[in-house]
Amino acid sequence: MESNIPNEELKTSKLVEAENILEEEEEFHHLNNPADGIKPIIKKYLGIPNHADQLGNKFYFTDGDAKVEVVVVTDEIIRVRLAPHSVFLEEFSYAVPKLEHKAASFTLYEDQNEFRVATKAINCHIRKTDFFISFSDSSSHVTSMDAVPMHWEENVQFGGYYVFCTKTCASGESFFGLGDKPTEFNLRGKRLKNWNTDAYSFQWNQDPLYRSIPFYISVNEGIAHGIFFDNTFKAQFDFGAEDPTKVSFWADGGELQYYYIHGPHMMDVVKSYHILTGTHPMPPLWALGYHQCRWSYYPETKVRKITNGFRENKIPCDGIYLDIDYMDGYRCFTWNRKYFPDPKKMISELAADGFKTVVIIDPGIRVDDNYEVFKEGKEKRYFCRRSDDYFMEGHVWPGRCQFPDFTNPEVREWWGGLFDELVQMGVAGVWNDMNEPAVFGAGTFPDDVRHQYDGYRGSHRKAHNVYGMQMVRSTYEGLRKIMKNKRPFTITRAGYSGVQRFSSVWTGDNVASWEHLKLGNIQCQRLSISGISFCGTDIGGFSGEPDGELFTRWIQMGTFSPFMRAHSAGDTKEREPWSFGEPFTAINRKFIELRYRLIPYLYSTFWEHHRYGFPILRPIVMHEQDVVLNHFRQDEFTYGDKILVCPVMEPGQTKRNVYLPKGKWFNYWTLEVLDGGQEVTVDTPLETMPIFVKAGSVIPEYPVMQYVGQHEIEEVKLNIYFTDYEVNSFLFEDYGETFAYEQDIYLEKKFVVNGGSRTMTISQSMEGLYTPRYEGYHVNVIGLPFKPSKIIADGKTVSDFTINTDGTLEFKFSKNFKQIEISK
Ligand code: MIG
């Protein structure tokens, strides 16, 4: 096309010149307009580094005025901090409770071009000519590099600085992470903001939403690294949106402080991010079941009608929720006695029927001198105040409210103690809502509200994004104390990096639409690689009306959300799994039963998350990041590392394409074996959804129960999928409701499966101090390429076995077997 233009050369150079000017202007655009606040007056860039110092694992570089600190955290993690006039803030982070110093060796090198801090795995380069900071791996491959030196602008109104970091962005670079952003999975080309926001009926591309997770993963030329910008202020990320050659992040205050986290695999980055910010504690086993919620189920008779509905319809369910209407005038920690005359009795009856009661608690406390919680909070000066000492007041559900300062440890302790009565009544879990914090009309608190911030004082500008996290922390820690050795269940709407140490999360007020089903799929995958594995959407959509098909497709996807809860707004039609009649009820039941059968698998995957830092949901790009096409696949994911799921997200869809990563996969429904590394077409009648199991997997199954622990488990089923290359699987078992696992009371079983044209072997080894109460396994071998005639288990012949018409082989054996050999 361009070759038709005369004077091509001249034009081109002019164009380039014009583009350069434009680029420069654009670059200044965000630098000059960093914030919604007052225009800053002073802008400064790092000068020329003239000096380097070492203090243990900390290295300091200065241009004579500003100072940069480089901390070696582990062999793969280096932290960078900037102090404009050489004075660093005291070390404190809600996200990183304790900074590990785990690197074995590190060295500072200097030559005429640069300073270089080297660990075993990575290098941090500080260029002498301009203070550009870059990172490279042990084979000198540069993975991240400044495009301009770190810079800042003075904030005359609040003090401190607006801080900026701009790095180069390669043409094929992709970006992932940032928590719950409702947009395409690959963030390339987007600019996004972190500022916790109540976003009722949010839309595709709406930003920001409820949570702030300033962590992203870059994949370029098949190599991944992560950046965790641990800054709680309003922050922005630009992934080549303004300028395709640059990626920037900046904040309205705080320190320019970020962690460079090396891969080379995305999985390595996520695991390291978990080392910094922590993982979810093990949930009570029941919390992995199905939860039913609505705004609101009341009075008591209605609650009973719903729970009875589950038992009558034989649809398993463990959690029943009470939304704001259970309270007396929306006053936290009170009950509306007209609707719930004897909550303790109701909760214990529900418990006898296998239901755990979860209640909502919001942060707004009604200004009312006859209300104990308000009186005490007022007396003890626990509520947030404005800069001139007036109380922070705002309207929420209870009317005029004040708000506890959850960044004050004393307030957290007090608040945590308020759950005592609810726990004595039998409440098993707490749901924290509106903790962005949300305020009617104003949206949230004004900037000048002061927070104690664990002794590191700050305005709401600094505390806003952590307020919700500190609220649910207070809730979780309080419950943990009161419930002693029992695991509490908590769920929160707002959060900041590290919130996973205290709570599960749901994606907020979504909409009953096919678009939101797609969005929810992406959001859960994104949350999972951003530290928050225990997540789910409002199944069915919070606002609006799903039809039976949409609801069923959502239940199907939700079966594979680590947290599975249906929820709906109060002005919508009934929304229980049986509300849409047949064939929907039967399909919903089938999938919720599948959820329950897979509980030991999910629980083991949860352990892998908790203990080893693996995310529960793993997007395709995480399996094969070197294939660029995979950077744009956002429909299918694996649940743990053995089960691949692809939700059906279009109405009336009868088939769809699914990409299978390399290796061999079994179609869960038909048992057909397929080669990975390709897209396959799968039938998608309403009764099924594409599910594939990796060859060689051992998938443990519990018998279907109406709720977790309904009866003693007599045997565990092991579904073993044939493989002709060695594959390992895990099974984690423990009491399921205590913290004994922290004292190493658990059992970790490892299965190794391998096979050939005439034999297949399964071996089991175990570690740990826990003994499950069931005696045996019900072994179900799938996909044997030969007709089995001999089974030898631990030297003994198993003569009692069945070969089913579909070719599967079934037999029973002791749970303690070491080796089973099946042969032709
Ligand atoms: O202003 O408690 O996202 O799940 O049902 C609405 C009522 C407050 C918003 C939550 C939603 C909950 C609702 N809440």
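Trainee: Which residues does UniProt list for "domain: DUF5110"?

Mentor: UniProt lists residues 716–783 for "domain: DUF5110", in an unreviewed entry; such positions are given in the numbering used here, the feature names are shortened, and the annotations may be inferred rather than shown by experiment. Before going further, please keep in mind that this is a predicted model, in which local features need pLDDT of at least 70 and side-chain atom pairs count only at pLDDT 80 or more, while totals for chains, interfaces and linings use all residues. Residues are numbered from 1 along each chain as its sequence is written, and side-chain values use heavy atoms, with hydrogens and water left out.

Helices (H or I, at least four residues) and strands (E, at least two) are DSSP runs, numbered from the N terminus. One sheet to follow here is an open one of six strands, in the order β46-β47-β48-β54-β50-β51, with antiparallel pairing; two strands pair if DSSP finds at least two bridges between them. At the edges stand β46 (727–733) and β51 (796–797), each with a single partner strand, so one side of each is left without a neighbour in the sheet. Within this order, strand β50 (residues 790–793) and strand β54 (residues 819–823) pair in the antiparallel sense over four bridges, and Ile792 has Glu821 in β54 as its bridge partner. When you trace such a strand, remember that in a regular strand the side chains alternate between the two faces of the sheet.

For comparison, the unreviewed UniProt entry gives "domain: Glycoside hydrolase family 31 N-terminal" as residues 68–238. That span is 0% helix and 44% strand, and its end C-alpha atoms lie 23 Å apart. A hairpin is formed by β6 and β7, with three residues between them; β6 and strand β7 (residues 114–118) pair in the antiparallel sense over four bridges, and Leu108 has Val117 in β7 as its bridge partner.

Glu91 lies in the loop between β5 (77–83) and β6 (107–110) while Arg79 is in strand β5, so the pair ties together parts that are twelve residues apart in sequence. A salt bridge is counted when a side-chain nitrogen of Lys or Arg is within 4 Å of a carboxyl oxygen of Asp or Glu, and the structure holds 51 of these salt bridges.

Some backbone details deserve a careful check, given that most residues other than glycine have a negative phi, and most peptide bonds are trans. Leu178, although not a glycine, has a positive phi of about 70 degrees, and Leu178 is found in the loop between β13 (174–177) and β14. Asp207 and Pro208 are joined by a cis peptide bond with omega about 0 degrees, and Pro208 has its place in the loop between β14 (191–194) and β15 (211–212). Another cis peptide bond joins Tyr298 and Pro299, with omega about -5 degrees, and Pro299 lies in the loop between β21 (290–292) and α3 (300–313).

The unreviewed entry in UniProt also has "domain: Glycoside hydrolase family 31 TIM barrel", which covers residues 281–604. There the chain is 36% helix and 14% strand, with the end C-alpha atoms 13 Å apart.

Turning to the ligand, 13 residues are around it, and Asp323, Asp433, Arg493, Asp509 and His567 come nearest; a residue is near a molecule if one of its heavy atoms lies within 4 Å of it. By class, this shell has eight nonpolar, one polar and four charged residues, where Ala, Val, Leu, Ile, Met, Phe, Trp, Tyr, Cys and Pro count as nonpolar, Asp, Glu, Lys and Arg as charged, and the others, Gly among them, as polar. An oxygen atom of the ligand is 2.8 Å from an N or O atom in the side chain of Arg493, and an oxygen atom of the ligand is 2.5 Å from an N or O atom in the side chain of Asp509. The protein covers 95% of the 350 Å² of accessible area that the ligand has on its own, such areas coming from the Shrake-Rupley method with a 1.4 Å probe.

Note on methods. Polar contact = N/O pair within 3.5 Å; in protein donor to acceptor, adjacent residues only side chain to side chain.
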